[in-house]
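Work through the exercises below with the sequence and the structure side by side, and try each task before you read its solution.

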4 protein chains.
Amino acid sequence: MQNTLGAILRLTTFGESHGPAVGGVIDGCPAGITIDEKAIAKQLQRRKTGLQSFSSSRKEADEVLFVSGVLNNKTLGTPIAFLVENKGQQSKDYEQLKNVFRPSHADYAWFEKFACSSGSGGGRSSARVLLPCVVAGCIAKEILPAKGISVMAWVSSIGNVFLPNDFSEINNKNIEASALRCPDNATSRRMTKLLESLQKDGDSTGGTVTCRISGVPAGWGEPVFGKLNAALAHAMMGINSVKAFELGEGFAAAAMKGSEYNDALMMKGGKVITKTNHDGGINGGISNGQDIIFRMAFKPVPSIRSEQQTITRDKKKTTVKISGRHDTCVVPRSVPMVESLATFILADHYLMQKSRGK
Amino acid sequence: MQNTLGAILRLTTFGESHGPAVGGVIDGCPAGITIDEKAIAKQLQRRKTGLQSFSSSRKEADEVLFVSGVLNNKTLGTPIAFLVENKGQQSKDYEQLKNVFRPSHADYAWFEKFACSSGSGGGRSSARVLLPCVVAGCIAKEILPAKGISVMAWVSSIGNVFLPNDFSEINNKNIEASALRCPDNATSRRMTKLLESLQKDGDSTGGTVTCRISGVPAGWGEPVFGKLNAALAHAMMGINSVKAFELGEGFAAAAMKGSEYNDALMMKGGKVITKTNHDGGINGGISNGQDIIFRMAFKPVPSIRSEQQTITRDKKKTTVKISGRHDTCVVPRSVPMVESLATFILADHYLMQKSRGK
Amino acid sequence: MQNTLGAILRLTTFGESHGPAVGGVIDGCPAGITIDEKAIAKQLQRRKTGLQSFSSSRKEADEVLFVSGVLNNKTLGTPIAFLVENKGQQSKDYEQLKNVFRPSHADYAWFEKFACSSGSGGGRSSARVLLPCVVAGCIAKEILPAKGISVMAWVSSIGNVFLPNDFSEINNKNIEASALRCPDNATSRRMTKLLESLQKDGDSTGGTVTCRISGVPAGWGEPVFGKLNAALAHAMMGINSVKAFELGEGFAAAAMKGSEYNDALMMKGGKVITKTNHDGGINGGISNGQDIIFRMAFKPVPSIRSEQQTITRDKKKTTVKISGRHDTCVVPRSVPMVESLATFILADHYLMQKSRGK
Amino acid sequence: MQNTLGAILRLTTFGESHGPAVGGVIDGCPAGITIDEKAIAKQLQRRKTGLQSFSSSRKEADEVLFVSGVLNNKTLGTPIAFLVENKGQQSKDYEQLKNVFRPSHADYAWFEKFACSSGSGGGRSSARVLLPCVVAGCIAKEILPAKGISVMAWVSSIGNVFLPNDFSEINNKNIEASALRCPDNATSRRMTKLLESLQKDGDSTGGTVTCRISGVPAGWGEPVFGKLNAALAHAMMGINSVKAFELGEGFAAAAMKGSEYNDALMMKGGKVITKTNHDGGINGGISNGQDIIFRMAFKPVPSIRSEQQTITRDKKKTTVKISGRHDTCVVPRSVPMVESLATFILADHYLMQKSRGK
């Protein structure tokens, strides 16, 4: 509910972007799980502001301080609490915005809800508040069975530049080779050009991220309201700026015939496989042993330099130009977030299935 | 979790499609809410099998029996339990399928999870198990503030036949005038032709449903993991065959520039409005007072007459032709389901906001 | 919350005592668990009204109808819904009480909460609404590991007649030999005399029930807010008329010295045991492998024949004599309820511990 | 579940006693609630170690650092996270205990559960881990309606020294006048003598705390599993060393007749009152407008100086003398804890009732 994700493995996050810190508490984690500090640092680095020229230049150290639940890099079975200090906030950037609701930001809706704002910098509707999910995702990874599950996400489009559908050689290496986390070098270069041009104009754009999970056995996920795809959709829609989610063929499925779409079941080397994977690895909310593939859309970053029509807090007409440091496109930085949340959801469903005795 | 939806207003559903009954328990409903039996009967009729020739011809009476929580058509504040008997199951249709996993059905994943099947007819992965959500949605409607909130869904595409984007005269009347719940008469006729042709071939198709919620004040929904859009996505992805969800511009947003996309805030008649509504009425997970608009994709019905490659329970290669009564397209029948779940989610968030004192 | 008990194994109950039925939904139950209908019938018979002359003479058939989640006496892994019809309600007994708040009943508090009453007969504050817990307890028993866990409760006092502290030969046989479920024949006879005398006077009394759980391994229960003793206390305080709960020495512990109280740890036949069991088998909220022993107090049945001072619904002074069929003492009938709830709580904690990998 | 308390207002705590800090996250708190830092500091001071000679001499600064959810001493409506650093841990005190399970401590059960210990000092089974509940209780107090609710607890016995039953002049002043928080000066002196004697012997004892809540209107609390008394019992049994809980007459009720026990309803000055308050202010789980009175028993502090029989981690027979700084009696320090948890439970039920529209 509200700030807690998961049923057996539960992450509660806290923190405003310009408050002292962001952090989280993970409950329900088994004892004896390794905390891989290097892996955490690496994923945090991947989501970091200032990574490259198209992202906001805010400098954040993003070191994780574990406050409880961990001793000598092993979990104790008790709640794991951790903090990441907020450093380098430039609240003056936000001074100009204090009395103005920014178009397509959460400012107005937030104000109507809470009758107050949570300080400068977007408060709890800033992307920074999801940073604790990255830490939780790294811990969740260690909870999963030791062998064979991989969760990999990449940028599949930025603005109107798309990774070709037939580009299938996707691996960690070519994703990381691109500052934009697009595995195709040529596409990545075209995306870069687009972003350079938008940055010059003070404009922004959106994009899509695709995620592929391999190695999940058949049988994870719960029928009806506990569907694995519903849990994934819920988690992904919780990421800032995400406006859409699709599994497997997604929207394209709606225009297909059953005879084209259905994934024939086959045996291969003693294992059940499907001839195609239009369903994206989940049937009836339960994993079917094939790759789980989903995709989500991010809207353009709402903070742009050009003048926009809006209203003030006392509901007067005004205009606003947003001049602070802001990403031109948030999509590349979201890649580790997507992986982290997906891993967390998987670990929760794994523990749930374990409680059922399988 | 699993079979429960909602945080303060909670619906737990039960029932297999070929068991004695399906039903639900609603907890957290205030006392004194009217049970509008006519409205419930009408919505159940709308989702009913056998409505028209493209749907499965199974005859179901679908009368709701309230077992607790209601006296003289008013809620008591105690759990509302209700049942709808399963009648007219033709289990022999399923006899042939007993040892076969149907392609793109939940059969295989379910079997791997539970090491048993839930009897004939799809068990708890049948669309029938969501029937209790329709009852819950009708009750939820009465919980909402008396004035001004409307939830309306319609079919926006079937297969490759789309409602034109510029068709905006959408109302209850023209939706109900179409057996397919597509508000445009011309489009509806083209959809009918497509379905007739598919039915002849024993094939099936998918489609999309769009939903518009008007009248929700700004301030409903919770930040981070309790976002209103995430709750809607979670609920909609729980509907059988739904593979995708988008809010406002959805996937199209990913290709837009910030300068095109942002919804300028304006005053009109003392009320805050936005010039455009690309965000679909929700910012940062919180309603912004504009129409909430979302859309979801249904994959084709997996039960088709043509021969399909598959495997048996003991993992031998085989083929299957599915000959029972099955929908050619499930999308029109899903319309009341979408409205019901959306209404339930809204009522839960309304009560949550009420607990905050607004 | 409200009408749901448990974290992983979850029971939601519904039903008013004079409505059509009471029942429950059990979610999170593994598939393949046996439904032992005879054991259920036996426990229901044990809690049944009309068992003997000191209990209310209401005749109830109490047959359980499983509506979902069960096929051929095995659970499917889906929600188990069941109903027990309410028969033989004599609502006229309650006609006289319609406008009067009965002293020490829930009538007044209920009316202030819900601004309505839930019909005649105590509505949802009747003991009958806990009947579904008995069914759930029998199912929970089958979830527990096959060997060695026993849950046994008995009447340890009625009014001022107490089972002697040094009476330790407690077993199913001597408990069942007594209509009052007191294992000591002599004490049972004295209790009977007390109840006969009270019944003649139209008066009532309370009593205590003690419960002993053997065979739980060390390690079940969660620290802090998930303590096994806290879960047991919560469940027991949910039983009608229970006013007190104690574990092990309970209130007597408060007057002891540490040097008297502490349970020395010892080895015996390769197993860890404690020399004494003042702690009642739980330390820090976690089972320690010794017998779990707790006791609870039931207040006197509030329905008595003598004239009592009270007020009407419109807050006028009045008096009331309660003449219907009512138990003189509810304690013997509560014994199977105590066992059932204890077993359910254990099964939930067992599944929780299983999710942790032990 | 596990480390979270509450349904709408939810407190998740974390921290081991000898880790870097203890703390908590409060979710579901309305915006605009005042953080009364002085009241928090005062309650923390009341529970502080080293208050007087019978308590452990560990020096703790116990300053609360708010990390999120608060701006200018007002809540933002976002999760309130806070930390209290652990200072002055003397881990060497625990060095001797590293391989030994202390009798009647959680050591052994904990080890069997988690297959590890949570470091020195009792880890998460130390009383210190409930410190965050004190902070939460102070915030909860501000959530409650502005007028008239008071929550007051006091020591009603230590060892075999009891506050006389007829001592009724209980107020904040005479409670605070006693270092032992016993409102009767004479009794307090006798308790002091007892503790002095026990301290000399290196022994310890238990005691009871009574709590009275005035001003709660009728109608808070939920039937069946959400009973207000069950929520209170659950919370109180979560406090370290608590072995028993009773509401109103509690165990004494079991020996009473209905005709003695029943609380007659009366009108006084336009208000509903009861002639007696044997029920302790709650009927059927719902507050009835009278004072809510409950009492709980604490077992003796298990850390004593005399030699005790026990076993080592590798299950060898051994003896132990516990020589570090330890309380002789923990009961006086528990008083603010009891008040805090009771207030928190009340605030949660208040918000729940608010969501119902009353």
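**Exercise 1.** Decide whether A:Val224 is buried or exposed, and state where in chain A this residue lies and what its phi is.

*Solution.* In this predicted model, the relative accessible area of A:Val224 is 2%. The cut-off for a buried residue is under 20%, and A:Val224 is therefore buried. Next, locate the residue: A:Val224 is found in the loop that runs between strand E11 (207-214) and H7 of chain A. Finally, consider the backbone, where A:Val224 has a phi near 65°, which is a positive value although the residue is not glycine. As background, most residues other than glycine have a negative phi.

**Exercise 2.** Describe how helix H7 (residues 228-237) and helix H9 (residues 331-355) of chain A pack.

*Solution.* Two packed helices are described by the angle between their axes and the distance between the axes. For H7(A) and H9(A) the angle is about 145°, and the axes lie 10 Å apart. The crossing of these two helices is right-handed. From H7(A) the contact involves A:Leu228, A:Ala231, A:Leu232, A:Ala235 and A:Met236, while H9(A) contributes residues including A:Val338, A:Leu341 and A:His349. Sorted by kind, the residues of this contact are 10 nonpolar, 1 polar and no charged.

**Exercise 3.** Classify the packing of helix H4 (residues 131-143) and helix H9 (residues 331-355) of chain D.

*Solution.* The axes are 7 Å apart and the angle is about 45°, and H4(D) and H9(D) are therefore oblique to each other. Their crossing is left-handed. Among the residues that meet are D:Leu131, D:Cys133 and D:Lys141 in H4(D), and D:Met337, D:Phe344 and D:Tyr350 in H9(D). The residues of this contact comprise 12 nonpolar, 3 polar and 1 charged.

**Exercise 4.** How many residues of H9(B) are buried, and what is the span of this helix?

*Solution.* Helix H9 of chain B, residues 331-355, has 25 residues, and 24 of them are buried, so that the helix is mostly covered. From first C-alpha to last, H9(B) reaches 36 Å, close to the 36 Å expected at 1.5 Å a residue. After the helix comes B:Gly357, with a positive phi near 95°.

Terms used. Residues are numbered from 1 along each chain as its sequence is written. Chains are lettered from A and ligands numbered from 1 in the order in which they are written. This is a predicted model: local features need pLDDT of at least 70, side-chain atom pairs count only at pLDDT 80 or more; totals for chains, interfaces and linings use all residues. Side-chain values use heavy atoms; hydrogens and water are left out. Helices (H or I, at least four residues) and strands (E, at least two) are DSSP runs, numbered from the N terminus. The expected span of a helix is 1.5 Å times one less than its number of residues. Buried means under 20% relative accessible area, exposed over 50%, partly exposed in between (1.4 Å probe, protein chains only). Axes are lines fitted to C-alpha atoms, for helices over the stretch in contact, and angles run from 0 to 180 degrees between N-to-C directions. Angles under 35 degrees count as roughly parallel, over 145 as roughly antiparallel, 65 to 115 as roughly perpendicular and the rest as oblique. A crossing is left-handed if the near helix is turned anticlockwise from the far one by less than a right angle, and right-handed if clockwise. Contact means heavy atoms within 4.5 Å. Ala, Val, Leu, Ile, Met, Phe, Trp, Tyr, Cys and Pro count as nonpolar, Asp, Glu, Lys and Arg as charged, and the others, Gly among them, as polar.
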